Amino acid sequence: MRELTIGDQQVRVRATPLALLFYRQEFKADLFGDLVKMQHLVEDPSQIDSVAILQLIWAMAKADAYGKPFPSFMEWVGSLESIDFSDQSFLMTVLEEAADGFFRSKSKQAFQQRGK
């Protein structure tokens with residue numbers, strides 16, 4: 001579990017199997033597949049897909065809040081005042097949580113090496 005600051009909000013994210021399910025239900029896509037497409041962000045942050053990053057954060061935040069009411073993606077994004085995508089530590093925190101939660105140690109190392 002990690003905490004992110006988005007605008008003036010603290011958002012807890014947790015990469016668990018529930019995040020995979022929530023992502024599939026909300027976006028009709030596979031989180032793991034979309035995450036693999038984001039590997040290039042470490043090398044070239046100019047290739048960011050800001051909506052994909054928000055979708056990843058939302059799914060992991062919803063997983064962290066399991067058992068508590070959580071807004072739909074549109075409602076959640078609507079509640080955000082601002083977000084600084086130029087903050088590389090912010091992006092790295094999101095991707096590190098995803099790598100730690102969704103990849104086994106050998107796979108995680110391979111995932112991280114591709115980004116270098």
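Aspartate 64 pairs up with arginine 12 in a salt bridge, with the closest N and O atoms 2.8 Å apart. Aspartate 64 sits in helix α3 and arginine 12 in strand β2 (residues 9-13), so this pair ties together parts that are 52 residues apart in sequence. Keep in mind that this is a predicted model. Overall, the structure holds six salt bridges.

**Around aspartate 64**
- Helix α3 covers residues 50-64, and aspartate 64 is part of it.
- Aspartate 64 counts as buried because its relative accessibility is 15%, under the 20% cut-off.
- Arginine 12, by contrast, comes out at 37% and counts as partly exposed.
- Arginine 14 also meets aspartate 64 in a salt bridge, at 2.8 Å from N to O.
- Arginine 14 belongs to the loop between β2 and α1 (17-27), so its pairing with aspartate 64 in helix α3 links parts 50 residues apart in sequence.
- At 30% relative accessibility, arginine 14 is partly exposed.
- Beyond its neighbours within four places in sequence, aspartate 64 touches Met1, Arg12, Val13 and Arg14.

**Other salt bridges**
- Arginine 24 and aspartate 30 form a salt bridge, their closest N and O atoms being 3.4 Å apart.
- Arginine 24 is partly exposed at 45%, and aspartate 30 is partly exposed at 36%.

**Helix α5**
- Helix α5 (residues 88-102) has 15 residues and reaches 21 Å from its first C-alpha to its last, close to the 21 Å expected.
- The buried residues of α5 include Phe90, Leu91, Val94 and Phe102, and Glu97 is also among them.

Note on methods
Residues are numbered from 1 along each chain as its sequence is written. This is a predicted model: local features need pLDDT of at least 70, side-chain atom pairs count only at pLDDT 80 or more; totals for chains, interfaces and linings use all residues. Side-chain values use heavy atoms; hydrogens and water are left out. Helices (H or I, at least four residues) and strands (E, at least two) are DSSP runs, numbered from the N terminus. Contact means heavy atoms within 4.5 Å. The expected span of a helix is 1.5 Å times one less than its number of residues. Buried means under 20% relative accessible area, exposed over 50%, partly exposed in between (1.4 Å probe, protein chains only). A salt bridge is a side-chain nitrogen of Lys or Arg within 4 Å of a carboxyl oxygen of Asp or Glu.
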